[in-house]
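I opened my notebook beside the viewer today. Here is what I looked up, in order.

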Amino acid sequence: QVHIVESGGGLVQSGESLRLSCVAAASGYSLDRYAMAWFRQAPGQEREALSCISGSDGSAAYSDSIKGRFTISRDNAKNTAYLQMNNLKPEDTGDYYCAVDNYYCSDVTLFRDWSYWGQGTQVTVSS
């Protein structure tokens, strides 16, 4: 069983920044080698993969929609992944979800199905 909790969402104005956090924990085993990922679901739209990061070497992948503005990172000692979001735009509004799976993060695995999910944190960007 993997327990995931996201935090850091809120209401910001266009151009501002937010940092989301995702804490993941498993019963009886380490998630250090599991990839962690961020997804977004805008109102009325399908969930969109944004970024992932490997546990073993920190390699990351990004979707084109956020490349250059968002940065993913992780701290294995804290079982936490972060999503630094800069220059936020109204179209970044949505529910942001963290996911974990036994993947090596790549441009391919980012868009695969992920096994474990958090409940999400809401981000609203006003214009």
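In which sense do strand 9 and strand 11 pair, and over how many bridges? I found strand 9 pairing with strand 11 (residues 121-126) in the antiparallel sense, over three bridges. I take strands as DSSP runs of E of at least two residues, numbered from the N terminus, and strands pair if DSSP finds at least two bridges between them.

A note on the source: this is a predicted model, where local features need pLDDT of at least 70 and side-chain atom pairs count only at pLDDT 80 or more, while totals for chains, interfaces and linings use all residues. Residues are numbered from 1 along each chain as its sequence is written, and side-chain values use heavy atoms, with hydrogens and water left out.

Next I followed the partners of strand 9. Q122 in strand 11 is the bridge partner of D95. Strand 4 (residues 35-41) runs antiparallel to strand 9, joined by seven bridges, and there M36 stands opposite V100. Strand 10 also pairs with strand 9 in the antiparallel sense, over two bridges; A99 has W117 as its partner there.

Then I moved on to T109, in the loop between strand 9 (94-101) and strand 10 (116-117). T109 is buried, at 6% relative accessible area. A polar atom of the T109 side chain lies 2.8 Å from the backbone nitrogen of S106. Beyond its neighbours within four places in sequence, T109 is in contact (heavy atoms within 4.5 Å) with C52, Y103, Y104 and W114.

Notes
Helices (H or I, at least four residues) and strands (E, at least two) are DSSP runs, numbered from the N terminus. Buried means under 20% relative accessible area, exposed over 50%, partly exposed in between (1.4 Å probe, protein chains only). A polar contact is a pair of N or O atoms within 3.5 Å; within protein, one must be able to donate a hydrogen and the other to accept it, and residues adjacent in sequence count only if both atoms are side-chain atoms.
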